[in-house]
Amino acid sequence: MELKRVVVTGLGAITPIGNDVETTWNNAVAGKSGAGPITHFDASKFKTQFACEVKGYDANAHFDRKKLRQLDLYAQYAMVAARQAVADSGLEEAPNLDRNRVGVIVAAGIGGLHTFEEEAGYYAVNGAEMGPKYNPFFIPKMIADIASGHISMDYNFHGPNFGVVSACASSNNAIIDAFNLIRLGKADAFVTGGAEAAIYPAGVGGFNSMHALSTRNDDPEKASRPFSKSRDGFVMGEGSVVLILEELEHAKARGAKIYAEIAGGGMSADAYHLTATHPEGLGAILSMKNALEDANMKPEDIDYINVHGTSTPVGDISEVKAIVEVFGDQAHKLNISSTKSMTGHLLGATGALEAMFSVLSVQNDIVPPTINHEDGDEDENIDYSLNFTFNKAQNRPVRAALSNSFGFGGHNATVIVKKYEE
């Protein structure tokens with residue numbers, strides 16, 4: 001069968017560097033860090049006392065009191081971003097919109113961690129005396145698929161509806177699933193992306209126990225420093241990004257604006273370690289090769305790679321090895337950047353955020369930077385002849401961009417976007 005073409009017609013975002021798409025993008029291009037001291041709880045006794053939090057968010061401006069009782073913060077973020085994206089796309093105003101053919105796949109790597117922590121903590125302290133006493137919304141607030149359900153109910157969208165959980169690859173997997181269902185003719189459009197809100201004691205303490213987080217408490221804004229020798233772990237972020245994916249002819253028929261085209265997606269498993277990437281980047285190699293094959297593209301067709309680039313000692317090295325293996329000589333002609341240096345790591349939402357950055361890079365011919373690299377901070381295991389776009393955005397033609405996301409469990413997912421042409 002002939003596969004249908006899929007385009008991006010709407011974007012929504014609430015992130016550590018902006019509560020909408022325009023602000024987030026402008027701050028990324030400007031190289032602004034979203035890191036600062038943790039405000040969600042008292043982190044003074046934790047090894048890591050900072051994160052990339054969403055700023056200036058007022059839940060009451062978006063939801064009434066009754067609705068807020070049903071929503072963990074991660075689902076709130078998802079719904080806010082989805083509302084922005086749907087409004088941006090104009091999808092709801094489409095004449096004769098078949099809501100049975102509009103689906104929702106919004107991912108989370110963890111889901112309602114804060115809700116779980118609160119409810120389980122209350123029982124641990126009070127259970128012996130009072131017995132089990134749980135909020136009736138405990139389970140539906142906590143589960144990682146519930147954001148998709150809430151969004152579908154917001155808009156009466158009856159198409160395929162589920163969540164995806166593959167750790168930090170989750171929202172790339174969600175985008176790939178939506179892309180595949182549309183091009184197979186199973187739906188006309190999808191609300192897709194990811195959301196996460198895990199900057200709470202269990203999240204920070206859990207990652208601290210794994211020695212995964214940076215502990216640069218004296219200088220949070222410079223703590224996320226991918227590809228620098230002094231990197232010491234990732235900086236946790238939170239928020240949500242949602243994209244509207246749409247079948248091309250459906251989008252054209254309603255006169256939708258088109259940001260970019262989804263060209264292909266690739267997936268793989270490291271099959272190596274619970275939390276560490278394969279040291280030679282074998283899973284990343286497979287994921288990128290699979291994405292290029294799916295898109296019917298060659299390495300020389302890619303101008304920009306938004307890397308997973310978490311600022312961990314092992315992960316950065318293995319991803320660079322994988323890029324050199326897949327792209328060969330082209331690896332030295334394209335731009336690479338890790339936008340996590342500014343946003344932190346949004347866990348299950350990170351793929352959607354970086355897919356959005358890739359879409360906007362293609363649309364605007366701008367590559368956002370990898371900030372926080374200093375002269376003399378080179379790692380002998382990293383090839384610095386590659387263009388990591390250190391510290392300053394670069395204007396250049398971006399015909400196509402590739403975005404990598406890798407997750408605990410060895411999950412790898414790669415999305416390719418390209419300029420839309422008739």
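Which are the buried residues of helix 11? Select Gly-315, Asp-316, Ile-317, Ser-318, Glu-319, Val-320, Ala-322, Ile-323, Val-326 and Phe-327; buried means under 20% relative accessible area, with exposed over 50% and partly exposed in between (1.4 Å probe, protein chains only). Before going on, note that this is a predicted model, in which local features need pLDDT of at least 70 and side-chain atom pairs count only at pLDDT 80 or more, while totals for chains, interfaces and linings use all residues. Residues are numbered from 1 along each chain as its sequence is written, and side-chain values use heavy atoms, leaving out hydrogens and water.

Now show all of helix 11, residues 313-327. Helices (H or I, at least four residues) and strands (E, at least two) are DSSP runs, numbered from the N terminus. The covering of its buried residues includes helix 10, strand 9 (304-306), strand 10 (335-337) and strand 13 (400-407). Gly-328 follows helix 11 with a positive phi near 55 degrees.

Next, pick Thr-277, in the loop between strand 8 (260-269) and helix 10 (282-294). Its relative accessibility is 19%, so Thr-277 counts as buried. Its side chain makes a polar contact of 2.8 Å with that of Ser-318 (a pair of N or O atoms within 3.5 Å; within protein, one must be able to donate a hydrogen and the other to accept it, and residues adjacent in sequence count only if both atoms are side-chain atoms).

Move on to helix 3, residues 73-89. Here 13 of the 17 residues are buried. Just after helix 3, look for Gly-90, with a positive phi of about 70 degrees.

For the last stop, select helix 1 (residues 21-30) and helix 13. Their axes come within 11 Å and cross at roughly 75 degrees; axes are lines fitted to C-alpha atoms, for helices over the stretch in contact, and angles run from 0 to 180 degrees between N-to-C directions. The two helices are therefore roughly perpendicular to each other (65 to 115 degrees; under 35 is roughly parallel, over 145 roughly antiparallel and the rest oblique). Val-21, Thr-24, Trp-25 and Ala-28 of helix 1 make the contact with residues of helix 13 including Leu-353, Met-356 and Phe-357, where contact means heavy atoms within 4.5 Å.

Technical notes: Expected span 1.5 Å × (residues − 1).
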